[in-house]
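I set out below my notebook entries on a two-chain structure. I looked up the chains in turn, then the place where they meet.

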Amino acid sequence: MSDDLATLGRYSGPATLILSSLAGGAKHGYALMQDVEAFADVTLRPGTLYGALSRLEAMGFIEALEGDGRRRPYRLTPAGAGALHAQLAAQRQVADVGLRRLSTAGAMR
Amino acid sequence: MKRGPVIAEIAAWTLFFPVAIVLLALRLLGYGRTTPEGRIEALLAWYPARWRAQHGEELAQILRDAIAGGRGGFRMSVDVAREGLAERTRAFRWQPVRAGFLIGTGSTMLVPQGIVAAILSQFDLPRSWFLALYVGPEARWLVIGFMVGAGLLLIERGTRTYTAGCTRVSSAG
């Protein structure tokens with residue numbers, strides 16, 4: 001089992017958003033869609049959302065809880081928290097370098 | 001013959017197929033269904049049956065919530081259809097296709113291009129599509145030997161691929 005979100009290919013973006021949302025507490029599918037839209041301004045559509053959820057569950061990054069009726073809430077596992085931390089740290093490093101270079105380039109103009 | 005009706009006929013046939021394809025696609029995306037449940041059923045049909053048995057109920061609930069929340073537009077339908085096709089591609093068993101290709105190619109090389117070509121080389125018959133008969137007598141047996149050897153190897157690889165695929169499926173349940 002890999003502990004890297006990049007192995008999810010085109011699902012790695014949605015997976016980062018889902019894990020970030022679940023870091024704030026367990027949620028079911030539709031609540032996840034609403035939360036991601038609220039904090040990231042990204043619309044995750046049901047097919048992509050469920051494709052990413054099933055892969056994250058298979059990788060052990062999230063787990064399903066007993067739900068009310070047909071809705072199953074998911075929560076972050078310790079492995080998922082570790083993978084999210086690594087992914088966000090890598091993204092922050094890229095953002096820091098990019099912003100620093102932009103500000104240097106701006107100062108040179 | 002008048003030009004007007006001919007142009008009209010060409011235009012009608014030119015438009016027929018694109019329009020028919022668009023209408024069929026819309027139908028498969030659940031448009032034309034009178035209830036949200038009918039539309040959800042049409043969208044879930046894009047996924048393989050085994051996947052639907054395991055996850056269908058949960059995805060159907062997300063779709064119900066999305067439609068009720070005003071997020072059930074055309075883009076949602078296209079997204080679900082695309083993911084369903086991706087799951088079908090993932091679930092497709094490639095081993096039989098690969099095994100069939102190897103065994104088919106191997107048999108062609110072994111029997112017609114190898115054994116039959118060897119027999120025909122002893123008679124004065126048309127060369128037809130037997131490659132070995134197009135080269136000189138000194139290289140003929142080299143080509144026949146290559147065809148027989150490569151054919152046997154491909155059949156062996158194909159049989160191995162097929163057997164491995166069957167074992168994987170039976171152990172997966």
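**Entry 1: a loop residue in chain B**

I began with B:Ser128, which lies in the loop between α5 (95-120) and α6 (137-172) of chain B. Helices here are DSSP runs of H or I with at least four residues, strands are runs of E with at least two, and both are numbered from the N terminus. The model is a predicted one: local features need pLDDT of at least 70, side-chain atom pairs count only at pLDDT 80 or more, and totals for chains, interfaces and linings use all residues. Residues are numbered from 1 along each chain as its sequence is written, while chains are lettered from A and ligands numbered from 1 in the order in which they are written.

I noted that B:Ser128 has a positive phi of about 45° although it is not a glycine. Is B:Ser128 buried or exposed? B:Ser128 counts as exposed because it has 11 C-beta neighbours inside 10 Å. The cut-offs, with C-beta atoms placed from the backbone, are 20 or more other C-beta atoms within 10 Å for buried, 12 or fewer for exposed, and partly exposed in between.

**Entry 2: a loop residue in chain A**

I then looked up A:Asp41, in the loop between α2 and α3 of chain A. A:Asp41 is not a glycine, yet it has a positive phi of about 60°. A:Asp41 has 7 C-beta neighbours inside 10 Å and therefore counts as exposed.

**Entry 3: the chains in outline**

I recorded four helices and two strands for chain A, in the order α-α-α-β-β-α along the sequence. Of its 109 residues, 32% count as buried. For chain B I recorded six helices and zero strands, and buried residues make up 21% of its 173 residues.

I next looked at contacts, where two residues qualify if their C-beta atoms, placed from the backbone, lie within 7 Å. Among contacts between residues at least 6 apart in sequence, 52% in chain A join residues at least 24 apart. The corresponding share in chain B is 61%.

I also checked B:Leu85, which lies in helix α4 of chain B. With 14 C-beta neighbours inside 10 Å, B:Leu85 counts as partly exposed. Its C-alpha atom is separated by 8.4 Å from that of B:Pro48, 37 residues apart along the chain.

**Entry 4: helix α3 of chain A**

I found that α3(A) has 13 residues and reaches 18 Å from its first C-alpha to its last, close to the 18 Å expected at 1.5 Å a residue. The expected span is 1.5 Å times one less than the number of residues. Buried residues of α3(A) include A:Leu49, A:Tyr50, A:Leu53 and A:Leu56. Just after this helix, A:Gly60 takes a positive phi of about 80°.

**Entry 5: where the chains meet**

I noted that 17 residues of chain B are in contact with 13 residues of chain A. On the chain B side, α3 and α4 (74-91) each supply at least two residues, and α3(B) gives the largest share, nine residues. That side divides into seven nonpolar, three polar and seven charged residues. Ala, Val, Leu, Ile, Met, Phe, Trp, Tyr, Cys and Pro count as nonpolar, Asp, Glu, Lys and Arg as charged, and the others, Gly among them, as polar.

How do the two α3 helices lie? The axes of α3 (residues 46-58) of chain A and α3 (residues 49-68) of chain B come within 10 Å and cross at roughly 145°. Axes are lines fitted to C-alpha atoms, for helices over the stretch in contact, and angles run from 0 to 180 degrees between N-to-C directions. Residues making the contact include A:Leu49 and A:Tyr50 of α3(A) and B:Leu59 and B:Ile62 of α3(B). The contact residues divide into seven nonpolar, two polar and no charged.

**Entry 6: the nonpolar cores**

I defined a core as a set of buried Ala, Val, Leu, Ile, Met, Phe, Trp, Tyr and Cys residues joined through C-beta atoms within 7 Å. The largest has 35 residues, and those touching the most other members include A:Leu49, A:Leu53, A:Leu56 and B:Ile62. Elements of chain A and of chain B each supply at least two residues of this core, among them α3 of both chains. Apart from it lies another core of eleven residues, including B:Leu102 and B:Met147.

Which residues does A:Leu49 touch? Not counting residues up to four places away in sequence, A:Leu49 touches A:Pro14, A:Gly29, A:Leu32, A:Met33, A:Leu44 and B:Ile62.
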